[in-house]
Amino acid sequence: MTLYGETTKMLTVSDLAAMKRAGEKISCLTAYDASFAAVLDNAGIDVLLVGDSLGMVVQGEASTLPVTIDDMVYHGRCVAKTRRRAFLIVDLPFASYALPEQALNNAARLMREGGAQMVKLEGAKPAIVAFLVEQGIPVCGHLGLLPQSVNRLGGYRVQGRDADQAERILADAEALEQAGAGALVLECVPAELAERISRRLAIPVIGIGAGAACDGQVLVLYDMLDIGAGKRPRFSKNFMAGAAGIADAVGRYHAAVKSGEFPGSEHTY
Ligand code: KIV
């Protein structure tokens with residue numbers, strides 16, 4: 001892409017796959033607006049995720065459930081305006097992908113209006129993933145702790161601690177890859193399970209609270225910048241501590257992910 005005479009190269013799903021093959025860690029942060037997206041992109045963050053966590057950290061809701069497809073389109077568009085290099089994933093929100101046609105209409109909006117290069121959906125839904133992929137829509141799966149299912153799970157808890165549950169998550173991950181998913185987010189699972197899954201799959205596995213062996217790491221931006229009230233999850237780290245400012249904190253996160261220094265054992269289950 002040419003911008004003001006400079007050639008900028010936007011990362012693609014193939015670049016992420018190549019990074020996994022080369023053993024280069026993928027850095028990812030959530031982003032919800034144009035200003036932060038520019039800071040993250042300038043710091044070299046590989047993937048921006050417009051997560052439905054925006055319901056909690058931007059809108060002040062108690063969970064991600066109230067977030068609508070219009071909200072996701074709006075925030076996706078804001079982020080897409082200023083990122084230049086980072087790969088852009090946008091979440092399909094709660095109950096927006098229960099049926100194939102509904103999933104297609106909503107995913108198409110995220111790509112057409114929201115600037116998404118890939119959409120993310122939660123849970124073991126290989127049939128929906130296969131349908132979207134067939135229509136040319138790249139899909140990122142999301143397994144482990146599923147915030148959109150918090151009422152069914154009974155809280156935000158580590159998943160896959162017992163052997164049966166771990167085998168189920170591994171099987172679900174393989175099914176998503178088979179269905180054509182191009183990446184997988186693994187949230188709050190024991191590091192050992194995340195390592196098995198990352199080794200087993202050819203697609204990049206991006207962890208949050210899933211240990212250092214994943215192919216990449218993601219954090220909620222506001223958590224790692226220590227913005228907002230409330231207790232931070234164990235797997236997060238305050239990168240503002242000792243940083244000269246926001247850009248420096250993001251740069252430190254990027255460097256710590258690339259070197260494998262983050263997450264440490266204190267951030268791991
Ligand atoms: O919505 C979000 O921010 C996410 C991350 C927690 C992975 O899905």
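**Figure 1. Strand E4 has buried side chains on both of its faces.** In this predicted model, Val 47 and Leu 49 point one way from E4, whereas Leu 48 and Val 50 point the other way. All four of these residues are buried. On one side of the pairing, strand E3 (residues 26-30) joins E4 in the parallel sense over three bridges. Within this pair, Cys 28 has Val 47 of E4 as its bridge partner. Strand E4 (residues 47-50) is also joined to strand E5 (residues 87-91) by four bridges, and these two strands run parallel. Here the bridge partner of Val 50 is Val 90 in E5. Helix H4 (residues 69-82) lies across E4 and E5. The direction of H4 makes an angle of about 165 degrees with E5.

**Figure 2. Eight strands form a closed barrel.** The order of the strands is E3-E4-E5-E6-E7-E8-E9-E10, with parallel pairing. From one strand to the next, the twist averages 25 degrees. The protein chain has eleven helices and ten strands.

**Figure 3. Strand E9 is covered on both faces.** Strand E9 comprises residues 205-208. Val 205 and Gly 207 lie on one side, and Ile 206 and Ile 208 lie on the other. Each of these four residues is buried. Strands E8 and E9 pair in the parallel sense over four bridges. Glu 187 has Ile 208 in E9 as its bridge partner.

**Figure 4. Helix H8 has a set of buried residues.** The helix comprises residues 163-179. The buried residues of H8 are Ala 166, Ile 169, Leu 170, Asp 172, Ala 173, Leu 176 and Ala 179. The elements that cover them include helix H6 (126-134), strand E7 (139-144), E8 and H9.

**Figure 5. Ser 53 is buried in a loop.** This residue is found between E4 and helix H3 (54-57). Ser 53 counts as buried because its relative accessible area is 14%, and the cut-off for a buried residue is under 20%. When residues up to four places away in sequence are not counted, Ser 53 touches Thr 30, Tyr 32, Thr 64 and Val 220.

**Figure 6. Cys 188 and Asp 226 both have a positive phi.** Most residues other than glycine have a negative phi. Phi of Cys 188 is near 50 degrees. Cys 188 is found in the loop between strand E8 (183-187) and helix H9 (191-200). With 5% relative accessibility, Cys 188 counts as buried. Phi of Asp 226 is near 60 degrees. Asp 226 lies in the loop between helix H10 (221-224) and H11. Its relative accessible area is 41%, and Asp 226 is therefore partly exposed.

**Figure 7. A cis peptide bond joins Phe 262 and Pro 263.** Most peptide bonds are trans. In the bond between Phe 262 and Pro 263, omega is about 0 degrees. Pro 263 lies in the segment that follows helix H11 (246-259).

**Figure 8. Gly 23 is an exposed loop residue.** Gly 23 is found between helix H1 (13-22) and E3. Its relative accessible area is 59%, and Gly 23 is exposed because the cut-off for exposure is over 50%. Gly 23 and Gly 154 are 131 residues apart in sequence. In space, their C-alpha atoms are 36 Å apart.

**Figure 9. The whole protein chain provides the setting for the close-up views.** The C-alpha atoms fill a box of roughly 50 × 40 × 40 Å, taken along the principal axes. A compact globule of 269 residues would have a radius of gyration near 18 Å, and the protein chain has 17 Å, so the chain agrees with that expectation. Buried residues make up 54% of the 269 residues. Among contacts with a separation of 6 or more, residues 24 or more positions apart account for 62%. The protein chain exposes about 11400 Å², of which carbon and sulfur atoms supply 53%.

Notes
Residues numbered from 1 in each chain as written. Predicted model: local features only at pLDDT ≥ 70, side-chain atom pairs only at ≥ 80, totals over all residues. Heavy atoms only, no water. Pairing = 2+ DSSP bridges. Axes fitted to C-alpha atoms, helices over the stretch in contact; angles between N-to-C directions. Contact = heavy atoms within 4.5 Å. Rg over C-alpha atoms; globule rule 2.2 N^0.38 Å. Buried < 20%, exposed > 50% of the residue type's maximum accessible area, 1.4 Å probe, protein only. Areas by Shrake-Rupley, 256 points an atom, 1.4 Å probe, with all protein chains shown as cover. Expected span 1.5 Å × (residues − 1).
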